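Trainee: I would like to learn how to read cores, sheets and ring pairs in a model. Could we take them one at a time?

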Amino acid sequence: EVAATVTKDATYVAQWKIRDDLSYTVRYLEKGTDRELAEALTIGGKAFGDKVTATACSIEGYKADASTKSLVIGSNAADIEDNVITFYYTKRADVHYQVQHYQQKLDNSYELVSTINEVGTTDAPVKAQPKQYDGFTLNLDAPDTVAEGSIAADGSLVLKLYYKRAQHKVSYRYTGVVPAAAPAVPAPEDV
């Protein structure tokens, strides 16, 4: 601070030091929701006027609006502390998930008979579409059934449908004249 009464021509010299204690923040948000998809990074030790560049991070199931973005530290004249780079991410529409179909075996266990690879959008709700198998009916009460879910960003969703074996009662009987030495008619059975 300089305080003096000027009574003749004078020259004053002032020196400013560029601030080198500034920081910037990189944010990773879902476009349209501003939901944070990854923890924000704050990088310090930057000087006013420095140009900084950030790289988008890879987030499964999402695509960034740019691979890199830059800013000049302190270029926001309204607030030189407001140095933020924001990457906006949209949900990918090419995320894989599976639908598995299982059929009941004669011992009542189930075996995988078909796997269908599907593609959809991250977090989208999906339902498994049943298939038609001769001699089998869909069993949504099977313990491991997963008939619907949301597509996981990492492609890990697996929907599972189970089909129980159709059962029929078979009865035997003689028609017409039964020979005297004919064996007894077998009892009805499920097959």
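Trainee: Which residues do ring pairs link into a cluster?

Mentor: Keep in mind that this is a predicted model. A pair of aromatic rings is described by the distance of the centres and the angle of the planes. Here, ring pairs join Tyr28, Phe87 and Tyr89 into a cluster. The structure holds 5 aromatic pairs.

Trainee: How are the rings of tyrosine 28 and tyrosine 89 placed?

Mentor: Their centres are 6.4 Å apart and their planes meet at 55 degrees, so the pair of tyrosine 28 and tyrosine 89 counts as tilted. The pair links distant parts of the chain, with tyrosine 28 in strand β1 and tyrosine 89 in strand β6, 61 residues apart.

Trainee: Are tyrosine 28 and tyrosine 89 buried or exposed?

Mentor: Both tyrosine 28 and tyrosine 89 are buried.

Trainee: What kind of aromatic pair do tyrosine 110 and tyrosine 162 form?

Mentor: Tyrosine 110 and tyrosine 162 are edge-to-face, at 5.0 Å centre to centre with 85 degrees between the planes. This pair also links distant parts of the chain: tyrosine 110 lies in strand β8 and tyrosine 162 in strand β12, 52 residues apart. Tyrosine 162, at 6%, is buried.

Trainee: Now the cores. Which residues have the most contacts inside the largest nonpolar core?

Mentor: In soluble globular proteins, nonpolar side chains tend to be buried together. The largest nonpolar core here has 16 residues, and those with the most contacts inside it are Tyr28, Ile59, Ile85, Phe87 and Tyr89. At least two residues of this core come from each of β1 (22-30), β2 (36-46), β3 (51-55) and β6 (84-91). The largest share, 4 residues, is supplied by β1.

Trainee: What is phenylalanine 87 in contact with, leaving aside its neighbours within four places in sequence?

Mentor: With that exclusion, the contacts of phenylalanine 87 include Val26, Arg27, Tyr28 and Leu29. Also among them are Ala54, Thr55 and Ala56, as well as Asp65, Ala66, Ser67, Thr68 and Lys69. There is also a second, separate core of 12 residues, which includes Val95, Val99, Val126 and Ile151.

Trainee: Next, the sheets. What is the strand order in the open sheet that contains β1?

Mentor: Strands of a sheet pair through backbone hydrogen bonds, either parallel or antiparallel. In this case the order is β2-β1-β6-β4, an open sheet of 4 strands with mixed pairing. Its edge strands are β2 and β4 (62-64), each of which pairs on one side only. The twist from one strand to the next averages 20 degrees.

Trainee: How many bridges join β4 to β6?

Mentor: There are 3 bridges between β4 and β6, and the two strands run antiparallel. Within this pairing, lysine 63 stands opposite threonine 90 in β6.

Trainee: Which residue stands opposite leucine 138?

Mentor: Leucine 138 faces tyrosine 163 in β12. β10 is joined to β12 (residues 158-165) by 3 bridges, and these strands run antiparallel.

Technical notes
Residues numbered from 1 in each chain as written. Predicted model: local features only at pLDDT ≥ 70, side-chain atom pairs only at ≥ 80, totals over all residues. Heavy atoms only, no water. Core = buried A, V, L, I, M, F, W, Y, C linked by side-chain atoms within 4.5 Å. Buried < 20%, exposed > 50% of the residue type's maximum accessible area, 1.4 Å probe, protein only. Contact = heavy atoms within 4.5 Å. Pairing = 2+ DSSP bridges. Axes fitted to C-alpha atoms, helices over the stretch in contact; angles between N-to-C directions. Phe/Tyr/Trp six-rings, centres within 6.5 Å; stacked < 30°, edge-to-face > 60°.
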